[in-house]
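Subject: Structure for your attention

Dear colleague,

Please find the structure below, followed by an account of what was found in it. I would be grateful if you would read the two side by side.

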Amino acid sequence: MATAVLTPDQLDGQAARLHDTQAWQQIVTGWEHTAAEPTPALAPAPGPARVSDWRGMLSVPVDQLIDDTLRALPAPPPHERPLPGRLGAMLPDRVHLWRRVGQSDLRPSVHLGHARQILAEWGWQNTPYRLRNARGARCVCGAMISAHRLGYGSLDTVDRAGAWLITELRAQGWPGLIGPWNRHPGRTAADALALVDATIRRASLAGQ
């Protein structure tokens, strides 16, 4: 399956262009505002419990109700495929493209969750203009691209996830792109994970 090859600078540029569009600004405006909590209904006054009362109102046995309810529950989600091990981290991403077969698209926050897993398990690095180092550790952009290659989200989702990252960076006072933030002197793996976590929260609150 052919797929585009992105560099950190290309992902940075695409995410920045999306972030700066009027449509994106309309999407993120007011993301932190949520609907007011519903007023809880007043509980009925406590009274003597009479077990036989509510059972007498049922037209079918309680056991049958439980069985019917359990059968109506949705099936559990499929077990997520674990990340390839250390050797898989060191192999070129194109080796993992088969994992995209049959995978549906994801929300940006979910894609970022997989990118976070890559940073946590494969490691974080800040070599300038490199998606990863010889040990297979990724920069933030590299983790997002690797998540895409592993089947977690389309390239459009990667762009939108990058725009959410830039939105979070702007909120934290960083005026530049993701790459310069990642390789800024003194940056740590904990900083990278914290940025991704904050972005996941921000995108999730906006329904993305």
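I begin with a pair of helices. Val140, Met144 and His148 in helix H7 meet Leu155, Val158, Ala161, Gly162 and Leu165 in helix H8, where contact means heavy atoms within 4.5 Å. By class, this contact of H7 with H8 has six nonpolar, two polar and no charged residues. Here Ala, Val, Leu, Ile, Met, Phe, Trp, Tyr, Cys and Pro count as nonpolar, Asp, Glu, Lys and Arg as charged, and the others, Gly among them, as polar.

Before going further, I should state the basis of these values. The model is predicted: local features need pLDDT of at least 70 and side-chain atom pairs count only at pLDDT 80 or more, while totals for chains, interfaces and linings use all residues. Residues are numbered from 1 along each chain as its sequence is written, and side-chain values use heavy atoms, with hydrogens and water left out. Helices (H or I, at least four residues) and strands (E, at least two) are DSSP runs, numbered from the N terminus.

The axes of H7 (residues 140–149) and H8 come within 10 Å and cross at roughly 155°. These axes are lines fitted to C-alpha atoms, for helices over the stretch in contact, and angles run from 0 to 180 degrees between N-to-C directions. H7 and H8 are therefore roughly antiparallel to each other, a term for angles over 145 degrees.

H8 covers residues 155–171; at 1.5 Å a residue, its 17 residues should span 24 Å, and its end C-alpha atoms are 24 Å apart, which agrees. The expected span is 1.5 Å times one less than the number of residues. Twelve of the 17 residues of H8 are buried, among them Asp159, Trp164 and Glu168. Buried means under 20% relative accessible area, exposed over 50%, and partly exposed in between (1.4 Å probe, protein chains only). Just after H8, Gly173 takes a positive phi of about 95°.

Glu121 lies in helix H6 (residues 108–122). With 43% relative accessibility, Glu121 counts as partly exposed. Glu121 and Ala137 are 16 residues apart in sequence, and their C-alpha atoms are 8.7 Å apart in space.

As for the whole protein, there are ten helices and zero strands. Of its 208 residues, 37% count as buried. Among contacts with a separation of 6 or more, residues 24 or more positions apart account for 74%.

Yours sincerely

Technical notes
Parallel < 35°, antiparallel > 145°, perpendicular 65-115°, else oblique.
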